[in-house]
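Grab a pencil and work through these exercises with the structure in view. Try each task before you read its solution.

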Amino acid sequence: MNAPEFLVHEARDTVGVVVVEGVTAGQTMSGWLMETDETLTIRAVDDIPLGHKVALSAIGKGDTIVKYSHDIGKAVADIPVGGHVHVHNVKTKRW
């Protein structure tokens, strides 16, 4: 496998973290699922900056977002596979 464009720690994660610059909408990205040493393939539907998250599967409004096996909040909008997951569509569950 070439260097991955995104990393996923655990199979239960719903997002991966982009580890390269310049991901653009329509780009096919490869990712590394570290827990099982699998390669994942996703087409980005948005431009996604370095360090931001990408949806691994469709996430519905109200669904829990899981990153590094931890609940990091809930979706406040539907997010498609390959969508940019960030503060514009994820909020904390604290308030």
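**Exercise 1. Find the residue with a positive phi in the hairpin of β3 and β4.**

Step 1: Go to the hairpin of β3 and β4, where 4 residues sit between the strands. Strands here are DSSP runs of E with at least two residues, numbered from the N terminus.

Step 2: Check the phi angles there, and you'll land on Asp-37, with a positive phi near 55°.

Step 3: Look at how the two strands line up: β3 and β4 pair in the antiparallel sense over 6 bridges. Two strands count as paired if DSSP finds at least two bridges between them. Within this pairing, Trp-32 stands opposite Thr-39 in β4.

A word on the ground rules: this is a predicted model, in which local features need pLDDT of at least 70 and side-chain atom pairs count only at pLDDT 80 or more, while totals for chains, interfaces and linings use all residues. Residues are numbered from 1 along each chain as its sequence is written, and side-chain values use heavy atoms, with hydrogens and water left out.

**Exercise 2. Work out the strand order in the sheet of 6 strands, and say why one side of β4 and of β8 has no neighbour.**

Step 1: Trace the open sheet across, and you get β4-β3-β1-β2-β5-β8, with mixed pairing.

Step 2: Pick out a parallel pair: β1 (residues 6–8) and β3 (residues 28–33) are joined by 3 bridges. Here Phe-6 stands opposite Gly-31, and Val-8 faces Leu-33.

Step 3: Now the edges. β4 (38–43) and β8 (84–85) each have a single partner strand, so one side of each is left without a neighbour in the sheet.

**Exercise 3. Which side chains form the salt bridge?**

Step 1: Apply the rule: a side-chain nitrogen of Lys or Arg within 4 Å of a carboxyl oxygen of Asp or Glu. The count comes to 1.

Step 2: The partners are Lys-93 and Asp-71, at 2.7 Å from N to O.

Step 3: Lys-93 is in the segment after β9 and Asp-71 is in β7, so to speak distant parts of the chain, 22 residues apart.

Step 4: Lys-93 is partly exposed at 44% relative accessibility, and Asp-71 is partly exposed at 45%.

Methods
Buried means under 20% relative accessible area, exposed over 50%, partly exposed in between (1.4 Å probe, protein chains only).
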